[in-house]
Amino acid sequence: RMSTLVIIPGWRDSGPGHWQSLWAEQRPGAVRVQQDDWITPSRSAWIASIARTILAQPEPVVIAAHSLGCIATTHLPAEAANHIRGALLVAPADPERRGVLADFAPVPYQPLPYRSILVASSNDPYCPVRTAGAYARAWGSEFVRLQNAGHINVEAGFGEWPLGLASLQSL
């Protein structure tokens with residue numbers, strides 16, 4: 001049984017050329033979460049739209065989340081979380097470091113009820129790698145540490161990102 005890929009962008013969405021946008025175009029049946037406000041995110045609104053998107057799928061889903069999308073995913077209610085088969089959590093944000101993201105703090109530090117892989121970079125400007133490692137331990141995620149990969153986005157040189165796709169397929 002194939003799982004539906006649900007793509008959860010972070011703060012300010014993922015633009016053209018971002019691996020999330022490319023995967024959404026290339027994966028048949030992939031569903032991308034839309035938010036009403038990408039600029040001043042509200043935790044309750046974001047979580048509601050992510051949960052609605054997940055629960056609208058007939059099969060369990062696999063998540064590909066980026067940045068604030070990772071943190072929003074960990075805040076999901078059990079009803080939605082139980083519909084997730086696995087999650088690729090890439091370059092999680094640290095909402096305690098940025099005022100506009102403060103609504104997403106505190107970050108939950110409980111094990112996730114599904115298999116997850118957290119990919120972080122040694123020089124991500126939005127989240128220290130030590131914080132990402134602490135998230136991975138708390139969530140029970142497999143931890144993949146990339147060297148000098150920035151925020152693992154277009155600005156950091158990530159387009160297609162075959163390694164990410166391979167990690168996703170392992171879920």
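Good morning. Of the 171 residues in this chain, 54% are buried, where buried means under 20% relative accessible area, exposed means over 50%, and partly exposed lies in between, with a 1.4 Å probe and protein chains only. The model is a predicted one, in which local features need pLDDT of at least 70 and side-chain atom pairs count only at pLDDT 80 or more, while totals for chains, interfaces and linings use all residues. Residues are numbered from 1 along each chain as its sequence is written, and side-chain values use heavy atoms, with hydrogens and water left out.

Let me turn to the overall form. The chain contains 6 helices and 6 strands; helices (H or I, at least four residues) and strands (E, at least two) are DSSP runs numbered from the N terminus. Their order along the sequence is β-α-β-α-β-α-α-β-β-α-β-α. The radius of gyration is 14 Å, which agrees with the value near 16 Å that a compact globule of 171 residues would have. That radius is taken over C-alpha atoms, and the globule rule is 2.2 Å times the number of residues to the power 0.38. The C-alpha trace spans about 40 × 30 × 30 Å along its principal axes. Among contacts between residues at least 6 apart in sequence, 75% join residues at least 24 apart; a contact means heavy atoms within 4.5 Å.

Next, the interior. A nonpolar core is a set of buried Ala, Val, Leu, Ile, Met, Phe, Trp, Tyr and Cys residues joined through side-chain atoms within 4.5 Å. The largest such core has 38 residues, and those with the most contacts inside it are Ile54, Ile63, Leu68, Ile71, Leu76 and Trp139. Elements that give two or more residues to this core include strand 1 (4-8), helix 2 (43-55), strand 3 (61-66) and helix 5 (129-139). Helix 5 gives the most, with 6 residues. Apart from this core lies another, of 18 residues, among them Val119, Ile152, Trp161 and Leu171.

What surrounds Ile63? Leaving aside neighbours within four places in sequence, its contacts include Leu5, Ile54, Ile84, Leu88 and Leu168.

Helix 1, residues 19-26, has Trp19, Gln20, Ser21, Leu22 and Trp23 as its buried residues. Their cover includes strand 1, strand 2 (31-32), strand 3, strand 4 and helix 6 (162-170).

Ring pairs link Trp19, Trp23, Phe158 and Trp161 into a cluster. Rings of Phe, Tyr and Trp (its six-membered ring) pair if their centres lie within 6.5 Å; planes under 30 degrees apart count as stacked, over 60 as edge-to-face and the rest as tilted. By this rule there are 8 aromatic pairs. Phe158 and Trp161 form an edge-to-face pair, 5.8 Å centre to centre with 90° between the planes. Phe158 counts as buried because its relative accessibility is 15%, and Trp161 is buried too, at 6%.

Pro111 sits in the loop between strand 4 and strand 5, and at 64% relative accessibility it counts as exposed. Pro111 and Gly140 are 29 residues apart in sequence, and their C-alpha atoms are 5.3 Å apart in space. Not counting residues up to four places away in sequence, Pro111 touches Ala138 and Trp139.
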